[in-house]
Amino acid sequence: MGMTDVLIVGAGPTGLVLACDLARRGAAVQIVDRSPAPPRASRAKGPNARSLEILDDLGVAEEVLAAGSAPLPMLKYRDRLPVAETDPWADSSPTSDAPYDRGRLIAQWRLEEILRDRLAGYGVRVELGREVTGLGEGPCGRHVEVAFAEGRTERARYVVGCDGAHSSVRKLLGIGFEGATAEDQVMVCGDVDLADGALDRARWHQWFDEDGAVMLCPIPGTRTGWWFQAGPERDGRGRPLAPTTDGFRRLLARHTALPGRALTGAELLSTYRVNVRMADRFRAGRVFLAGDAAHVHAVAGGLGMNTGIQDAFNLGWKLGLVLAGHAGAELLDTYEEERLPVAARTLDLTSERLRATLEAIRRPGGGLDAAITPDTTGLGVGYRWSSLARGLAETPQAGDGSPDAPDAEGRAARDGDRPAPQAGDRAPDAPCVDAATGARTRLHRVFAGPRTTVLGFGPGSAAVLREVVAAYGDAGVRTCRVYAAHEDRATFGPEAAVVDDEGHAAAAYGTKASDGTGIGTSAGTVVIVRPDHHLGLSAPADDTRSVRAYLHQLHGGTRSAEGVAERFSGIGGRHR
């Protein structure tokens with residue numbers, strides 16, 4: 001019986017992002033889904049700004065942008081008449097440290113199609129119609145025995161349940177899914193077709209009346225397709241009725257100026273109830289939970305799919321390093337350490353945004369824009385409390401490092417004066433110039449791909465970068481020297497170098513001296529960026545001990561790194 005490295009159960013966006021990330025690392029990946037065919041549901045309305053950065057790293061952002069559309073202005077109605085129009089993104093624009101300032105509208109099935117195509121490029125295809133019915137520990141706990149409904153048993157070193165809110169994996173593990181379902185907060189949903197020209201497709205139309213609501217958002221890539229969401233019809237005792245095409249027509253006629261016959265077809269009908277639940281742990285031995293299998297929350301703010309994508313991006317590089325023998329298995333403990341608090345924060349955030357939205361729609365002109373805040377971009381999510389976050393001892397941490405610390409939220413989405421990012425925060429982007437070719441690039445391009453990145457600012461960082469190349473150059477670590485515009489660039493040539501010609505990188509990472517003169521001739525800063533674009537360490541260039549310890553934590557299991565202590569010991573000053 002063969003053995004796969006990672007078996008992923010569930011081929012939605014969470015499972016597909018994880019599979020793509022692992023496959024490009026060379027891991028043996030298997031991804032299964034109980035559905036007999038890829039689902040055609042539109043469901044989630046698209047990736048937020050942070051998820052677009054992840055999709056960019058995976059090499060599919062351009063295709064997602066082309067297949068989707070920008071978020072639309074919201075046209076709000078009361079008693080069938082338009083009363084207000086709001087563009088929640090009107091005051092937002094890309095910044096030097098965050099090139100995506102907003103998400104993208106795209107049908108979930110189309111996003112999944114793009115990710116499946118990318119995965120197929122690595123030789124991995126989703127195995128459809130395969131349902132997991134049993135999980136058991138292999139001999140000595142070295143693998144998982146996975147039983148399938150068709151009677152086969154297969155082996156995997158690790159299993160990740162990305163199989164949704166009704167997760168079979170979570171149930172087989174016996175992991176609790178505590179929380180509440182709000183039976184009174186109900187919405188009927190579906191993909192509908194409207195008569196051609198019935199509504200302006202450049203708007204998200206929202207009718208909120210005292211006795212119900214209808215929302216219609218155009219589905220990108222279709223001519224007459226729309227997302228339909230509404231308060232349900234109810235029976236004589238006030239109980240919600242199941243969604244039907246005729247019911248949708250009646251709701252349309254009741255709340256909008258359109259006749260019911262304008263709705264020419266409906267499919268993928270479903271009833272949504274507000275569910276706020278979280279698994280009490282995200283891991284049991286060699287089995288992990290991600291996405292809706294680990295947490296579900298209110299739809300407000302559109303964070304469901306996005307939180308799952310970000311779970312996958314956090315877990316993928318950790319599994320990759322452990323499977324490659326670089327990192328010890330204890331690195332996998334940091335997945336729950338980092339993502340469980342983020343999930344708990346997301347449950348609170350979405351519940352608050354739902355409350356704000358329900359309050360807003362009581363008034364004419366209120367709408368779903370009440371759910372959108374800087375928090376919902378995902379750019380402010382970080383892990384300052386993590387054991388993988390090592391900051392400067394002399395730099396006070398702003399806030400308490402918890403996901404509730406308000407100063408940690410949304411900072412990346414703002415330009416201008418801002419505090420330097422702390423260890424654990426999202427690594428800012430910055431436009432710069434490739435030192436070798438003179439072509440314009442940006443730091444997130446440098447970070448792209450499945451490696452840890454060591455940035456060196458200032459001449460004092462040159463020696464450390466040389467030693468990193470010698471010790472870890474073949475172990476998934478890249479170095480990049482960030483030159484100031486005025487610096488002499490003839491002295492050092494690591495594998496990558498960029499020129500911070502406009503000073504954006506120094507500003508984003510806080511490496512300028514406080515007097516504004518920039519880094520001195522002997523000074524320097526070394527910043528380690530994790531493969532998921534979060535800061536692991538920021539240290540003075542002569543603090544070689546911290547650099548060595550951090551890289552050893554992630555990459556120390558490699559043969560090439562065995563002599564790292566000796567190689568590092570001859571450089572640096574105060575921590576030798």
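Let me start with Asp-79, which counts as exposed at 57% relative accessibility, bearing in mind throughout that what we are looking at is a predicted model. Asp-79 sits in the loop that runs between strand S3, residues 74-78, and strand S4, residues 81-86, and although Asp-79 is not a glycine, its phi is positive, at about 55°.

Cys-140 is exposed, with a relative accessible area of 71%, and it belongs to the loop between strand S6, residues 132-137, and strand S7, residues 144-148. Cys-140 is not a glycine either, and yet its phi is positive, at about 60°.

Let me turn now to Gln-206, a residue of strand S10, which spans residues 204-209. Is Gln-206 buried or exposed? Its relative accessible area is 0%, and because buried means under 20%, Gln-206 counts as buried. If we set aside the neighbours within four places in sequence, Gln-206 is in contact with Met-74, Leu-75, Lys-76 and Tyr-77, with Val-214 and Met-215, and also with Gly-367 and Leu-368.

Finally, helix H6, residues 245-255, has as its buried residues Gly-247, Phe-248, Leu-251, Leu-252 and His-255. Viewed down the axis of H6, these buried residues fall within an arc of 140°, so they line one face of the helix. And what covers those residues? The cover includes S10, the strand of Gln-206, together with strand S9 (177-194), strand S11 (212-218), strand S12 (225-230) and strand S13 (263-279).

Notes
Residues are numbered from 1 along each chain as its sequence is written. This is a predicted model: local features need pLDDT of at least 70, side-chain atom pairs count only at pLDDT 80 or more; totals for chains, interfaces and linings use all residues. Side-chain values use heavy atoms; hydrogens and water are left out. Helices (H or I, at least four residues) and strands (E, at least two) are DSSP runs, numbered from the N terminus. Buried means under 20% relative accessible area, exposed over 50%, partly exposed in between (1.4 Å probe, protein chains only). Contact means heavy atoms within 4.5 Å. The arc is that of the directions from the helix axis to the C-beta atoms.
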